Amino acid sequence: MIIDYSQITEESLMGFKGGNGQLDTRNFVDANNKIMMSRLKPGANIGYHSHDQNSEIIYILSGEGHFEYDDTTEKVKAGDVHYCPMGHSHAFYNDGTEDLAYFAIVGEHH
């Protein structure tokens, strides 16, 4: 199965998960996964949230930023992968002057 993100309408979300600023995202969603191609605008962040029933894998395509992950801070740049397992929490920040582009998969644990 091919997911063609050019055929998925992009949504612009403000303050995603209680964060600040703009997130532009194209999402494929089914009963088991949410697969996202997204851009976090400069200075924006995705608010701190828990993954109680799922996990998230984020591959950084371009830009730079950091995660607050449980009790740590992790800097990320293009080519890095951040993993938030089920039962853990994180927030995501764009520290750069350009969009922070990433590909993410949220897998549901049934």
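**View 1. Tyrosine Y83, a partly exposed residue.** In this predicted model, Y83 has a relative accessibility of 44%, so Y83 counts as partly exposed (buried is under 20% relative accessible area, exposed over 50%, and partly exposed in between, with a 1.4 Å probe and protein chains only). Y83 is found in strand β8 (strands are DSSP runs of E with at least two residues, numbered from the N terminus).

**View 2. A nonpolar surface patch that includes Y83.** Together with M37, I57, Y59, L61, V81 and I105, Y83 makes a patch of about 590 Å². Patch residues have over 30% relative accessible area and no salt bridge, and nonpolar side chains are joined within 5 Å (a salt bridge is a side-chain nitrogen of Lys or Arg within 4 Å of a carboxyl oxygen of Asp or Glu; areas come from the Shrake-Rupley method with a 1.4 Å probe). Strands β5 (54-62) and β8 (81-84) each supply at least two residues, and β5 gives the most, with three.

**View 3. Strands β5 and β8 side by side.** These two pair in the antiparallel sense over four bridges (pairing needs at least two DSSP bridges between the strands). Look for I58, whose bridge partner in β8 is H82.

**View 4. The open sheet of six strands.** Follow the antiparallel order β1-β2-β3-β10-β5-β8. At the edges stand β1 (11-14) and β8, each with a single partner strand, so one side of each has no neighbour in the sheet.

**Notes.** Residues are numbered from 1 along each chain as its sequence is written. Local features need pLDDT of at least 70, side-chain atom pairs count only at pLDDT 80 or more, totals for chains, interfaces and linings use all residues, and side-chain values use heavy atoms, leaving out hydrogens and water.

Key:
Patches are made of residues with over 30% relative accessible area and no salt bridge: like charges are joined within 9 Å, nonpolar side chains (Val, Leu, Ile, Met, Phe, Trp, Tyr) within 5 Å.
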